[in-house]
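Student: I would like a close look at a single part of this model, the place where two chains meet. Please take it step by step.

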Amino acid sequence: MRQHIEVPGEWASISTLLAFTDSLEACEVLSHEQCYLLRLVIEEIATNIVKYGYIEQPPGPIQVTCEYHASRLAITIRDRGRPFDPRDHPLPDFTSATAERSIGGLGLYFVCEMADDVHYHHDPTSGWNELIVTKAST
Amino acid sequence: MNVEQIDDVLVFTLPQRLDANGVAAVEPQLAQQAAAHRGKMIADMSEVNFVASLALRMLLTTLKVAQPLGGDLRIVGLQPPIAEIFRKSRFDTLFKIYPDRAAALADYQNNG
């Protein structure tokens, strides 16, 4: 199974991407954990691309490709915004008291925790960022 | 979002998916009612099967509003994957969490 979607890197597109995850979920091929991860990638990574990736330039594209083969889901998310490797992001604040607690970085942390593997590549020639998140069925 | 008052406790039943759309649908009402109520609250999450970081931000913001006013926001009915997210984010150290609303209501009644 291979499904692909491209949307403009703007807020209105997040609903379109969530509808894309709904349609994949309805296929009943993916495991519960894989569906959860796909939704989380759209929520946390695509949202970050809109919020930070295209902040200094007109919104470019966000491409999402889902490939399912031999019980393994690979989610590839591509954009041409500011380079950002989620794996370099500092760990979230886990220790502050309620009043000082911040949730910055929590979404990325969840994606990295839930995935089997997270691979990032930035091509300086073309300007494309590519994040590949994989998870096998358990 | 269903909201009911049981004695002096305001109980919010949160929707299945707390993604960007789900949070946008409930956050204004939650913020407005929490600020007006200024007291004991429960978020019933027994129907919730997806939580994004935006949803955790919403719950934390509500707790931060409630506590200085002498109130609280307690969480009930976490499904196992959502309970795991609360553990991983250490949100289980910020909120009092109960298996169901009866347990949370009883604790409010007995211990405040």
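How many residues does the contact take from chain B and from chain A?

Tutor: The contact, meaning heavy atoms within 4.5 Å, takes 25 residues from chain B and 25 residues from chain A. This is a predicted model, in which local features need pLDDT of at least 70 and side-chain atom pairs count only at pLDDT 80 or more, while totals for chains, interfaces and linings use all residues. Residues are numbered from 1 along each chain as its sequence is written, chains are lettered from A and ligands numbered from 1 in the order in which they are written, and side-chain values use heavy atoms, with hydrogens and water left out.

Chain B and chain A bury about 2100 Å² between them, 60% of it on carbon and sulfur atoms; buried area is the accessible area (1.4 Å probe) that two parts lose on being put together, summed over both. Of the area that chain B buries against chain A, 26% comes from Phe50(B), Ser53(B) and Lys88(B), more than from any other three residues.

Lys88(B) also forms a salt bridge with Glu113(A), the closest N and O atoms being 3.8 Å apart. The rule, a side-chain nitrogen of Lys or Arg within 4 Å of a carboxyl oxygen of Asp or Glu, finds four salt bridges across the interface of chain B and chain A.

The elements of chain B that give two or more residues to the side touching chain A are α1 (20-37), β5 (50-51), α2 (53-66) and α3 (80-88). Here helices (H or I, at least four residues) and strands (E, at least two) are DSSP runs, numbered from the N terminus. α2(B) gives the most to that side, with seven residues.
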